[in-house]
Amino acid sequence: MARPLLPDGLWAEIAPLLPPERAKPKGGRPRTSDRAALTGILFVLRSGTPWELLPREMGCGSGMTCWRRLRDWQKAGVWDRLQHALLDRLGRQNGIDFSRASLDSASIAAKGGPATGPNPTDRGKPGTKRHILTDAKGIPLALKLTGANVHDSRMLEAVVDAVPPIRSCWGPPRKRPLKLHADKAYDHRRCRQALTRRRIQPRIARRGIESSQRLGRRRWVVERTLAWFAQFRRLAIRYERRTDIHLAFSTLAAALIVWRFIERWFC
């Protein structure tokens, strides 16, 4: 039996975060419900289908209707709040491991728009870089987007500071891991000093000293999480020229990955 695009449990988490539905106009067409529009958004995210080819038989309304909801909900901060709420739910059950974290990035081709740049690994073609910070299990805690030509080390502080305060089963909310693992791209004094100021123990591979054969012992979880993002076909290539739309898709994908951990943890 195929899994539903929008499980009831996930909808129960999202529904309280959505703005109140507008009243239907008199004499006009019935307004597409928020749940139906969200189902259409998830279908586009998972399948990569263009908005204009969204199947009408799904009952999700037109592709433009779903696009507008995605835009409006991103502007209202729904996806960030959803990600935070799901992380809090895991944290209250001791489901997040702050003993160590891993940081890495991945570049994807882009059609253009802000937060893009010439990709040095793809013959200078336009690209966007996705920076991810995960806990010891690979749960995405923070996400940032930049142009593909932005060096990884320049985003270390921004990504670390983007982790929200997450509730735990005891004590105050936490947002700082004890250790941070990163590859040789972050082997700079400013990166180590930035982590030390935040009371995070740096575990950064040193160029010319450490062998590459042992670098993935702790960092493989973030590589796996980046691969999970690539499984969402709408994120394999950046089709959206608007950064807010691509960020909305990316944040929603991060929330769906966290939801998988919740299903595994609670079910």
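**Exercise 1.** Is Trp79 buried or exposed?

*Solution.* Keep in mind that we're working with a predicted model. Buried means under 20% relative accessible area. Trp79 has a relative accessible area of 0%, so Trp79 is buried.

**Exercise 2.** Trp79 is one of the buried residues of α4. What span should helix α4 have, at 1.5 Å a residue?

*Solution.* Start with the residues: α4 covers 78-92, which makes 15 residues. Just after the helix, Asn94 takes a positive phi of about 60°.

**Exercise 3.** How are the rings of Trp51 and Phe249 arranged?

*Solution.* The model has three aromatic pairs. For Trp51 and Phe249, the ring centres are 5.8 Å apart and the planes meet at 20°. Planes under 30 degrees apart count as stacked, so this pair is stacked. Where do the partners sit in the chain? Trp51 is in the loop between α2 and α3, while Phe249 belongs to helix α9, 198 residues apart. Trp51 counts as buried at 10% relative accessibility, and Phe249 is buried at 0%.

**Exercise 4.** How are the rings of Trp73 and Trp79 arranged?

*Solution.* Here the centres are 5.9 Å apart and the planes are at 75°. Over 60 degrees counts as edge-to-face, so that's the label for Trp73 and Trp79. Trp73 is buried, with a relative accessible area of 3%.

Notes. Residues are numbered from 1 along each chain as its sequence is written. This is a predicted model: local features need pLDDT of at least 70, side-chain atom pairs count only at pLDDT 80 or more; totals for chains, interfaces and linings use all residues. Side-chain values use heavy atoms; hydrogens and water are left out. Helices (H or I, at least four residues) and strands (E, at least two) are DSSP runs, numbered from the N terminus. The expected span of a helix is 1.5 Å times one less than its number of residues. Buried means under 20% relative accessible area, exposed over 50%, partly exposed in between (1.4 Å probe, protein chains only). Rings of Phe, Tyr and Trp (its six-membered ring) pair if their centres lie within 6.5 Å; planes under 30 degrees apart count as stacked, over 60 as edge-to-face and the rest as tilted.
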